[in-house]
Amino acid sequence: FRSFNYANQALLSAAATQLVDVGSDYKLKVLTPGNGNKISWTRNGTAVPNATDSVYTIKSIGRANMGTYVAEVTNTSVPNLTLRTGNQNIFATATISGKMTLDGTAPVSKGNVYLLKVTKVGGYDTTALKAVNADGTYVFLKTVLDDYVLQGKPDPAQTPDRLLAYYKNKLFWEEADTIKLKDRKSTRLNSSHLVISYAVFCLK
């Protein structure tokens, strides 16, 4: 019986992150010299069915097949040795756009819209911030398909008597509707769903 001890092996490729338009194909590659290599691909730690070639194509990428891909290479000539690529983080992206208005009519010509990603622990992470255009419109390009909450906040210097709003027209984030970004290239939100209302002050 012969045993082998291997020094730590370098990754076959560096870790990388790629943002791919939803619905597009994307090719993953692993380059390994020699004969008799056995290749297997995993996504998020789970084996990808029938993915045993040096090139694997993610077909029509979306929420169901995006994620972290790794190729593992073994060879019976070199027992108990597995070579791996670095994590290939491949994410499908789409566009979110809409308009922020004052009471559903006049556009908010100065202010910011925040894209907040829903986290697994029940909170939110700020993913992106966009200043609205003069007509109140905003666009988030290359947004990874996920679950989000949108917050609109006008410039207080322009509208000191207005509050922020969450999609769809909620004052508190706990009540906000979740935007579930699915497998389509563009999601346009109704302008009546991000409306900045007047502040209400109560005297005691």
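1. The model contains two aromatic pairs (rings of Phe, Tyr and Trp, the last by its six-membered ring, with centres within 6.5 Å; planes under 30 degrees apart are stacked, over 60 edge-to-face, the rest tilted). In one of them, tyrosine 56 and tyrosine 69 have ring centres 6.1 Å apart and planes at 35°, so this pair is tilted. Tyrosine 56 belongs to strand 5 (residues 55-58) and tyrosine 69 to strand 6 (residues 67-75), so the contact ties together parts 13 residues apart in sequence. Strands here are DSSP runs of E, at least two residues long, numbered from the N terminus. Both tyrosines are buried (under 20% relative accessible area; exposed is over 50% and partly exposed in between, with a 1.4 Å probe and protein chains only).

2. On the basis of the note: this is a predicted model, in which local features need pLDDT of at least 70 and side-chain atom pairs count only at pLDDT 80 or more, while totals for chains, interfaces and linings use all residues. Residues are numbered from 1 along each chain as its sequence is written, and side-chain values use heavy atoms, with hydrogens and water left out.

3. An open sheet is formed by three strands in the order 10-9-18, with mixed pairing (two strands pair if DSSP finds at least two bridges between them). Strand 10 (106-107) and strand 18 (195-196) are the edge strands, each pairing on one side only. Strand 9 (residues 101-102) and strand 18 run parallel and are joined by two bridges. Opposite leucine 102 stands isoleucine 196 of strand 18.

4. There are six salt bridges (a side-chain nitrogen of Lys or Arg within 4 Å of a carboxyl oxygen of Asp or Glu). One of them joins arginine 63 to aspartate 147, with the closest N and O atoms 3.0 Å apart. Arginine 63 sits in the loop between strand 5 and strand 6, and aspartate 147 in strand 14 (residues 147-154), 84 residues apart. Arginine 63 is partly exposed at 30% relative accessibility, whereas aspartate 147 is buried at 17%.

5. Aspartate 155 and lysine 110 form another salt bridge, their closest N and O atoms being 3.5 Å apart. Aspartate 155 is in the loop between strand 14 and strand 15 (165-166) and lysine 110 in the loop between strand 10 and strand 11 (111-118), so the pair ties together parts 45 residues apart in sequence. Aspartate 155 is buried, with a relative accessible area of 18%; lysine 110 is partly exposed, with 48%.

Terms used: Helices (H or I, at least four residues) and strands (E, at least two) are DSSP runs, numbered from the N terminus.
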